[in-house]
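Here are my notes on this model, point by point. Please keep the structure open as you read.

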Amino acid sequence: MKKTLIYSLSVLFLLFANGCNESYLEVLPEDKITSATFWQSEDDIILALNGIYSVLRHTAIYGAGPSFEACTPDGYQWSHWNGKLMQIGNGSVTTSLDGVPADRWTMSYRIISRANYFLENFEKVTLSAEAKERYMGEVHFLRGIAYALLAETYGGVPIIDKVITTKEATELKRATLDETWAKAVSEYDIAIAALKVDAPQVGRATKGAALGMKMRALLYQNKYTDVLTVIQQIEALNKYALFPSYEELFKVANENNSEVLFDIQYIDGEQAQGNFFAWLGNPGVGITTDAGGASCVAPTQNMVDKYEMIDGSKVDPANPYKGRDPRLDFSILRPGANFEGKPYPTVIKNHTGQRVGFNMRKYTSEGIKVSTARQNPINFIVLRYGDVLMSKAEALIETNTGIDEAIKIINRIRTERQDVKMKPVPLGLSQAEARKKVRFERRIEFFLEGTYWSDIKRWKIGGELYPSEVRGGDGSLIETKFSAGYLPKDDLLPIPDSERAQNKNLEQNPGW
């Protein structure tokens, strides 16, 4: 059964958008919502809280879902306008570019602005101590997400803890990267202390979600000893486990299962209540989903080649898909496979797949009729227990405190599910060998889950991956990503020109 909608109601945007100054840092006018018209009941608090959650669904936050693979060598986006993920992935971002490069800044500060306004006003409503603590914890969790995304995307940014005026916003200065990460972690710490193991409603923040996002923030800072400490706390909750089927993990019927720490909730409907990325990923016309699809982002041959044979042998060029890692077919639609009973690519028509030769399968809506508004009910998983396990393996390897234990964890990912039974990685590896194994396994396990772009940046491996060719199904060259090479500056996006024009104190990132 689908969950009750909690993230999207049109009235939220009337409350928090109409008349709102959309300029720098999403500053809310002081007369925007007054105590005479709002903050009168717990229903108002819930409505305001939903208004913060709703921003998570924006394309620049988590709303692009698997499409973020276009920011890496593993995915190709044919459309240069849809979120500008193509430009991030091929190295053609400019300081004036719109889409995700600018919107992640704007939307993250929208979360922060709404969170600050909430925290300064919600106690006007009489609440039980338990409810007060829970609401406060959720808002700090959401503000932590915003600061973490800003840190990994732009580096150090202005830190704002209160409602400010437009004039104050134009005078802010950037904090350091360390200070910005510390702010995100401190927000998660407040949430961890305040939240329960289970939420009163599916999809809201929990103690496990806050611990998991703190773990990720520490992982992205290479603070591996701290990562292991947080993972101990997650495991002590005794709440999460690997879902028995990799393929079924990403299906509507199994949403909010034991592997999910935090996901973005969607339902089918005509009021922008569903996701849009599943339609964008669909392989086109001639399928059950009446709205068709755009195949906006497709896997590259470069990625397909990464999938191993189950038994560890070499791929047979004459029969390249026989005996391959099952996660290939669970994630990628490839020649010789069927989608809703139709062969790919003979019958199915689309934009990218017919050129690149492949299409997304994970997170598409195979077998599900979507609304005429092209809204899809599939949730997007932000963090799952498989990532907790892989983060633990990486931390054990990087601290050199348990290489064999780390390999055993990797082998759980490779062998523990009913539908994934890969040849185990041998024990007795060196630290360098184990590091290659864990990074490889992350790339395969989390393909189309939006994490590899972050991994490339935090591991500082862009120079090893690029330039990267995108080949068509016929072998022709479509594009060379980062044709001039990947530079250290590319680990961060530039501060948008639109923001710097309104605040001369915002120094641009080096190299931009």
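1. Is serine 67 buried or exposed? Serine 67 has a relative accessible area of 5%, so it is buried. Buried here means under 20%. This is a predicted model, so read every value as computed from it. Look for serine 67 in the loop that links helix H3 (59-63) to strand E1 (75-77). Setting aside neighbours within four places in sequence, serine 67 is in contact with Leu85, Phe277 and Val297.

2. Now step back to the whole chain. The chain holds 21 helices and ten strands. It has 512 residues, and 60% of them count as buried. Take the contacts with a separation of 6 or more: 70% of these join residues 24 or more positions apart.

3. Next, helix H5. H5 has 20 residues. From its first C-alpha to its last it reaches 27 Å, close to the 28 Å expected at 1.5 Å a residue. H5 is also mostly covered, with 19 of its 20 residues buried.

4. Stay in H5 and find proline 101, which is placed in this helix. Its relative accessibility is 3%, so proline 101 counts as buried. Which residues does proline 101 contact, leaving aside its neighbours within four places in sequence? They are Gly83, Lys84, Ile88, Val93, Tyr154, Leu493, Pro494 and Pro496.

5. How do H5 (residues 100-119) and helix H6 (residues 129-154) cross? Their axes come within 9 Å and cross at roughly 155 degrees. Angles over 145 degrees count as roughly antiparallel. H5 and H6 are therefore roughly antiparallel to each other. Their crossing is left-handed. By class, this contact of H5 with H6 has 19 nonpolar, four polar and two charged residues.

6. Compare that with another pair, helix H17 (residues 403-415) and helix H18 (residues 431-445). These two pack at an angle of about 25 degrees, with their axes 11 Å apart. Angles under 35 degrees count as roughly parallel. So H17 and H18 are roughly parallel to each other. H17 passes H18 in a left-handed crossing. The residues of this contact of H17 with H18 divide into six nonpolar, one polar and four charged.

7. Which residues meet between H17 and H18? From H17 come Ile403, Ile407, Ile410, Ile413 and Arg414. From H18 come Gln431, Ala434, Lys437, Val438, Glu441 and Glu445. Pick them out on the model one by one.

8. Helix H16 (residues 385-398) deserves a look. H16 has 14 residues and reaches 20 Å from its first C-alpha to its last, close to the 20 Å expected at 1.5 Å a residue. Of its 14 residues, 13 are buried, so H16 is largely enclosed by the rest of the structure. Just after H16, asparagine 400 takes a positive phi of about 55 degrees.

9. Asparagine 256 is not a glycine, yet its phi is positive, at about 60 degrees. Asparagine 256 lies in the loop between helix H11 (246-249) and strand E2 (260-264). Its relative accessibility is 32%, so asparagine 256 counts as partly exposed.

10. Serine 295 also has a positive phi, near 45 degrees, in a residue other than glycine. Its place is the loop between helix H12 (277-281) and strand E3 (297-299). Is serine 295 buried or exposed? With a relative accessible area of 0%, serine 295 is buried.

11. Turn to serine 41, in the loop between helix H1 (10-16) and helix H2 (42-53). Serine 41 has a relative accessible area of 29%, so it is partly exposed. Along the chain, serine 41 and leucine 127 are 86 residues apart. Their C-alpha atoms are separated by 9.0 Å.

12. Last, a peptide bond. The bond from tyrosine 466 to proline 467 is cis, with omega near -5 degrees. Where does proline 467 lie? It is in the loop between helix H20 (462-465) and strand E9 (468-471).

Notes. Residues are numbered from 1 along each chain as its sequence is written. This is a predicted model: local features need pLDDT of at least 70, side-chain atom pairs count only at pLDDT 80 or more; totals for chains, interfaces and linings use all residues. Side-chain values use heavy atoms; hydrogens and water are left out. Helices (H or I, at least four residues) and strands (E, at least two) are DSSP runs, numbered from the N terminus. The expected span of a helix is 1.5 Å times one less than its number of residues. Buried means under 20% relative accessible area, exposed over 50%, partly exposed in between (1.4 Å probe, protein chains only). Axes are lines fitted to C-alpha atoms, for helices over the stretch in contact, and angles run from 0 to 180 degrees between N-to-C directions. Angles under 35 degrees count as roughly parallel, over 145 as roughly antiparallel, 65 to 115 as roughly perpendicular and the rest as oblique. A crossing is left-handed if the near helix is turned anticlockwise from the far one by less than a right angle, and right-handed if clockwise. Contact means heavy atoms within 4.5 Å. Ala, Val, Leu, Ile, Met, Phe, Trp, Tyr, Cys and Pro count as nonpolar, Asp, Glu, Lys and Arg as charged, and the others, Gly among them, as polar.
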